[in-house]
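These are my notebook entries on a single structure, set down in the order in which I looked things up. The model itself comes first.

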Amino acid sequence: MPGMWWLVGAGLVLGLVAAYLTWTAGRVERLQSRAELAARALDAHLLRRAAAAAVLAERRYGVELYAAARIALDAAPQEREAAENDLTRQLRAVDLDPTDPDCEAVVAASRRLALARQVHTDLVRDARTARSRPLVRLFRMGRRHTWPRYFDIDDPTLAVPADVTTG
């Protein structure tokens, strides 16, 4: 009978290890999925900002801003970061009028983009950290997904002058 308790203990340890591995694999999958969803949301916010900038440039600010917005809208994935950085520089060079609805749309899109970028960066960091753990690498738990990438752009938040009212 003493050998029986040893088998029960070994079975219990094996069950706990299997449960931990299953939990870890699920966590890696969830983090990877969340990072991919955040990348899609970031892409959508990038497109919204570029479209709002194109509308603003058509109505008010001219060719350079419009060209930067169109390049950002049409950029291939490997050229996207450079195009978005150029659009951010062009937007910062323009004096935005806080009372203009088109300017408000660009500023709001830039703020949402900054938030989406921060969420994406946090989730990519978490997914990379989880995938770089020795046990995850040993069992190749993240092999079905590509390695998550950061999207490195300048801070897209735009400074708008305060509305000065005289009274």
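**Entry 1**

I began with Trp23, which I found in helix α1. I took helices (H or I, at least four residues) and strands (E, at least two) as DSSP runs, numbered from the N terminus. I note at the outset that this is a predicted model, in which local features need pLDDT of at least 70 and side-chain atom pairs count only at pLDDT 80 or more, while totals for chains, interfaces and linings use all residues. Residues are numbered from 1 along each chain as its sequence is written, and side-chain values use heavy atoms, with hydrogens and water left out.

I then looked up the surface around Trp23. Together with Tyr20, Leu135, Leu138 and Phe139, Trp23 makes a nonpolar surface patch of about 540 Å². Two or more residues of this patch come from each of α1 (2-61) and α5 (134-138). Patch residues have over 30% relative accessible area and no salt bridge; nonpolar side chains (Val, Leu, Ile, Met, Phe, Trp, Tyr) are joined within 5 Å, and like charges within 9 Å. The areas are from the Shrake-Rupley method with a 1.4 Å probe, and for residues only the protein chains shown count as cover.

**Entry 2. The nonpolar cores**

Next I turned to the interior. I counted as a nonpolar core a set of buried Ala, Val, Leu, Ile, Met, Phe, Trp, Tyr and Cys residues joined through side-chain atoms within 4.5 Å. Buried means under 20% relative accessible area, exposed over 50%, and partly exposed in between (1.4 Å probe, protein chains only).

The largest core has 20 residues, and those with the most contacts inside it are Leu56, Leu65, Leu87, Leu91, Leu96, Val106 and Leu158. The elements giving two or more residues to this core are α1, α2 (63-74), α3 (80-93) and α4 (101-131). Helix α1 gives the most, with 6 residues.

Which residues does Leu87 contact, leaving aside its neighbours within four places in sequence? I listed Arg49, Ala50, Ala53, Leu65, Ala68, Ala69 and Ala72, a contact being heavy atoms within 4.5 Å. I also recorded a second, separate core of 10 residues, which includes Val28, Ala35, Val124 and Ala127.

**Entry 3. Tyr66**

Tyr66 is in helix α2. With a relative accessible area of 30%, Tyr66 is partly exposed. Not counting residues up to four places away in sequence, Tyr66 touches Ala54, Ala57 and Glu58. I also checked Tyr66 against Pro156, 90 residues apart along the chain, and their C-alpha atoms are separated by 17 Å.

**Entry 4. The segment after α5**

Arg140 is placed in the segment after α5. Its phi is near 50°, a positive value in a residue other than glycine. Arg140 counts as exposed, at 54% relative accessibility.

Is His145 buried or exposed? His145, which also lies in the segment after α5, is buried because its relative accessible area is 19%. The side chains of His145 and Glu29 are joined by a polar contact of 3.1 Å; the term means a pair of N or O atoms within 3.5 Å, where within protein one must be able to donate a hydrogen and the other to accept it, and residues adjacent in sequence count only if both atoms are side-chain atoms. Beyond its neighbours within four places in sequence, His145 is in contact with Glu29, Gln32, Glu36 and Arg131.

**Entry 5. Salt bridges**

Side chains of opposite charge can pair when their charged atoms come close. My rule for a salt bridge was a side-chain nitrogen of Lys or Arg within 4 Å of a carboxyl oxygen of Asp or Glu. By this rule I recorded 12 salt bridges.

- Arg144 pairs with Glu29, with the closest N and O atoms 2.9 Å apart. Arg144 lies in the segment after α5 and Glu29 in helix α1, so the pair ties together parts 115 residues apart in sequence. Arg144 is exposed at 64% relative accessible area, whereas Glu29 is partly exposed at 22%.
- Arg80 pairs with Asp43, with the closest N and O atoms 2.4 Å apart. This pair links distant parts of the chain, Arg80 in helix α3 and Asp43 in helix α1, 37 residues apart. Arg80 counts as buried at 10% relative accessibility, and Asp43 as partly exposed at 31%.
- Asp154 and Arg89 meet through their side chains in a salt bridge (3.9 Å, N to O). Asp154 is in the segment after α5 and Arg89 in helix α3, 65 residues apart.

Finally, I noted that Asp43, Arg49, Arg80 and Glu84 are linked in a network of salt bridges.
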